[in-house]
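Hi everyone, thanks for coming. I'd like to walk you through one model today, so let me put it up on the screen.

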Protein chains: 2
Amino acid sequence: VSRNKLEELAPVFYPRSHVVIGASANPRKFGGRFLGALLSFGYQGKLYAVNPQESQILGLETYPRVVDIPEPVDSASIAVPARFVPEVVEECLAKGIKAVQILSAGFSEASEEGERLEREVVEIAAKGIRVIGPNCFGVYCPAGGLTILPGERLPKESGPVAFISQSGGYAIRVPRRAGGWGIKFSKVVSYGNACDINECDLLEYLAQDPDTKIITAYIEGVKDGPRFSKLLQKVCQTKPVILWKGGLTPGGARAVYSHTASLGGEEVTWDAAFKQSGAIRVNSLEELLDTTLAFVHLPPLRGRKVCVVSGGGGIGVTAADACERAGLSVPLFPVGLQDKLRSIVPPAGGSVRNPVDVGSPFPPPAMLGAVLETVLTDGDVDMVIIDELELARISGITQDRAQQSTDPEERPAQIPVEVKLRFGKPIIMVLPVEATESDAIEFESARRKLSDYYLENGIPVYLTLERAARALANCLGYYQRRDVISSSK
Amino acid sequence: VSRNKLEELAPVFYPRSHVVIGASANPRKFGGRFLGALLSFGYQGKLYAVNPQESQILGLETYPRVVDIPEPVDSASIAVPARFVPEVVEECLAKGIKAVQILSAGFSEASEEGERLEREVVEIAAKGIRVIGPNCFGVYCPAGGLTILPGERLPKESGPVAFISQSGGYAIRVPRRAGGWGIKFSKVVSYGNACDINECDLLEYLAQDPDTKIITAYIEGVKDGPRFSKLLQKVCQTKPVILWKGGLTPGGARAVYSHTASLGGEEVTWDAAFKQSGAIRVNSLEELLDTTLAFVHLPPLRGRKVCVVSGGGGIGVTAADACERAGLSVPLFPVGLQDKLRSIVPPAGGSVRNPVDVGSPFPPPAMLGAVLETVLTDGDVDMVIIDELELARISGITQDRAQQSTDPEERPAQIPVEVKLRFGKPIIMVLPVEATESDAIEFESARRKLSDYYLENGIPVYLTLERAARALANCLGYYQRRDVISSSK
């Protein structure tokens, strides 16, 4: 890993000045939508527009060509038709611009002519200008004031997660949907055809980036498999890398070729890359976010033993099945602990063997607190999953009132937070979408508020037990493989 | 299958008169909550209460014992402590009551004493009274005016789906959550410890029940494996059976024993039962409902060839991966069809090979319509999945306006419905929860309304492509296995 990657790619993420080439005031045009997004996101550096037909666009200094701009410029976004792009990049180089992102499509993913144009861009890049794209949506970096297309409403706050994506669609979908998970990003990069800056450059950068703690990626193909594999292994020693590889089925591989002109690679090669590197493999957007959430909130997991606390027997059965299918274990509690729990939970309809069935989805808060404390004091478990208890609905108490109250019976939702603070062990909540009808939207609103409350207090929240179990198993697997790989060196 | 099962269990589902034994006006008591649910659900037959301490409960004729009721009574719900239950069932028998549901817990799932009580109940049942439970939540049958605990707000309309559940928790969760899927039920039975009426009786009944088209089940253990297996095979020849088996992992099996005193059975035995019978195996509540939805809306699927229509390249790649991982196929379109599609979709950023990438999540409605028509006319596919197009958000048109408009450009959401009506081939929508934040709840409200619109028009809607693909593969697998099994006879 080159030590100066941070400096090398600084103009990509933190440009002091930026120009949009192919800018427009028309939000129906590509360059217009991008410029509009950047302006409404609030880029703080000096911003210029280039368009030979306009003298002023959205109040910005507008020039016919980039070389006409009188001051120095750090970076550029290019949104002109593909056939003009090589010439424009050449001009950017002449202007002393250090990095460009080419938003335009119509390159190697589209035709032989496009391939030729892309090769020209690569030749120009080699002379001293870095290129993101082509066929991409750009960079979202809240600390640098940059956003991707169409990311005008993405959060302005940074967070510990980076996401690099060969797909522009996922580059916007992942940070947009992450809102409900409470996940914030240091950087999101849509890098498209990766003609110059590729997944390896970005991985190296993010490994060094002090603002990034967790690296996530959607990758369709890599340019240099062995280099990528080796680098991935190195990066995984210090930061978890959660990787969604698109195109590992025949249909998916064909779509990859149409999309980013990448060769998808064989499933068996990727299996080996995951195994050797210790990277975490996910297969959907939801699994990517679910797994990221576990890393954001939980300390390094060291064991697979789960206590499940449920409010019903069947829920406990299927929770245990889901945990054990995912590779976690739900160990039988020793007799002494069972006896202690038996003195707390109701005799009929409950179970104390693990899963612990507290007898109803609406347990009295003090009883729930006592169960959690007893398990965390005496139970040899690595984490506790609280499955589908309706804490917000007990006694009809709303979240706002629950947070203010000092009476434990009036703040059931707070119990898991208090216990987590006292014991420091991972507590995970499963809060399903219980009322799914379109005329029951107020329940979903309440659920999301309760979810926010737990997320703000460092408790990961999942929509189903199955998803929680998979995310936790992914997280645990990373730490276990990392230890094995580092001890085998 | 005995031909008189419908008659035999009629008092369970359609009692002309019913008595709640252990009734109470106090909703915090079990019998009180149940009676309250039944009253507010609106049972239409003659209803009595039994409680030796009260002379009148919630306006009902109340008697000290069931034998004191002057008129004949068809069925009873029993909510007295376990130790009194055998005596009460004996009295019901004496009174001429034909069926009881024992809601009380504390039987074979709890202790040796409970086991003894349950054996007593079985002996009384053998004398001529049928028993549901004990340790159950009862029966929901909208056509019979019955609801389970706590199902006072479940829909009063019947539908084609039956659900039998050894778990009371799932007996209420499944119909409650099914609202968002637009799924309605003929019967839901929480049958608990199954001391008399068991999964085989219910399966036989539902196979004959003209109101039930699709049978779903959550089962922890069966009383008579060979009988169940043989019966399952027979029933699957006429109606799909979607079966969620709890307790197939060691932790789950242990929880099963605590919960309903069932022996879970070996995974290998169940694998064989699924294979030989052609029943559909699911592993979560979501998969159960997703799969049911495919059966509710789609004609029998005969092939696995899918056309995916997406609004972005990466979405298409991962959609193809998800389809092929689930066992569906996304075949490459022949050159002639590709050429036709190429004249419709935008040249840059689109793909016509299948998945078809229409270039943006906001395609012009006329273009989307032309793509669908071309694919359904010339494409050799069994179904079309429309993946994450933001039809409701195009031009900011709301659903209500979209339905009224006659201008195709103003009714993008209608295009899939119109095409489905014209071609009759399965069209499936994927409508993800795009805005997940608690302060973006209005988007979820709009999404649910759009989802309702498609469901009302016979188009199944899924939250993710992965879930759609699994449900469709489950559905297809049923028809394929059914054909193989019936032709091998």
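Let me start with a question: which residue caps the N-terminal end of α7(B)? Asn198(B) does, with a side-chain oxygen lying 2.9 Å from the backbone nitrogen of Cys200(B).

Before going on, a word on conventions. This is a predicted model, in which local features need pLDDT of at least 70 and side-chain atom pairs count only at pLDDT 80 or more, while totals for chains, interfaces and linings use all residues. Residues are numbered from 1 along each chain as its sequence is written, chains are lettered from A and ligands numbered from 1 in the order in which they are written, and side-chain values use heavy atoms, with hydrogens and water left out.

Back to our helix. Helix α7 covers residues 199-208 of chain B, and 10 of its 10 residues are buried (under 20% relative accessible area, with a 1.4 Å probe and protein chains only). Among them are Asp201(B), Glu204(B), Tyr205(B) and Gln208(B). Helices here are DSSP runs of H or I with at least four residues, strands are runs of E with at least two, and both are numbered from the N terminus.

Now, what does Lys5(B) touch, leaving aside its neighbours within four places in sequence? The answer is Asp201(B), Glu204(B), Tyr205(B) and Gln208(B), where contact means heavy atoms within 4.5 Å. Lys5(B) sits in helix α1, residues 5-8 of chain B, and at 5% relative accessibility it counts as buried. The side chains of Lys5(B) and Asp201(B) are joined by a polar contact of 3.0 Å. By polar contact I mean a pair of N or O atoms within 3.5 Å; within protein, one must be able to donate a hydrogen and the other to accept it, and residues adjacent in sequence count only if both atoms are side-chain atoms.

Let's turn to the two chains together. Chain B can be laid on chain A by a turn of 180° and a shift of 0.0 Å along the axis, with an RMSD of 0.0 Å; the superposition is by least squares on C-alpha atoms of residues with pLDDT of at least 70 in both copies. The two copies are therefore related as by a two-fold rotation axis. In chain B, the C-alpha nearest that axis belongs to Ile441(B), at 3.9 Å.

The contact takes 69 residues from chain B and 69 residues from chain A. About 5,400 Å² is buried between them, with carbon and sulfur atoms giving 49%; this is the accessible area (1.4 Å probe) that two parts lose on being put together, summed over both. Arg177(B), Arg254(B) and Arg448(B) supply 13% of the area that chain B buries against chain A, more than any other three residues.

How many salt bridges are there between chain B and chain A? There are eight, each a side-chain nitrogen of Lys or Arg within 4 Å of a carboxyl oxygen of Asp or Glu. In one salt bridge, the side chains of Arg177(A) and Glu434(B) meet at 3.2 Å, N to O.

Finally, a look at Ser167(A), in the loop between β9 (161-165) and α6 (168-177) of chain A. At 1% relative accessibility, Ser167(A) counts as buried. Not counting residues up to four places away in sequence, Ser167(A) touches Ser190(A), Tyr218(A), His259(A) and, from chain B, Gly314(B).

Key
Buried < 20%, exposed > 50% of the residue type's maximum accessible area, 1.4 Å probe, protein only.
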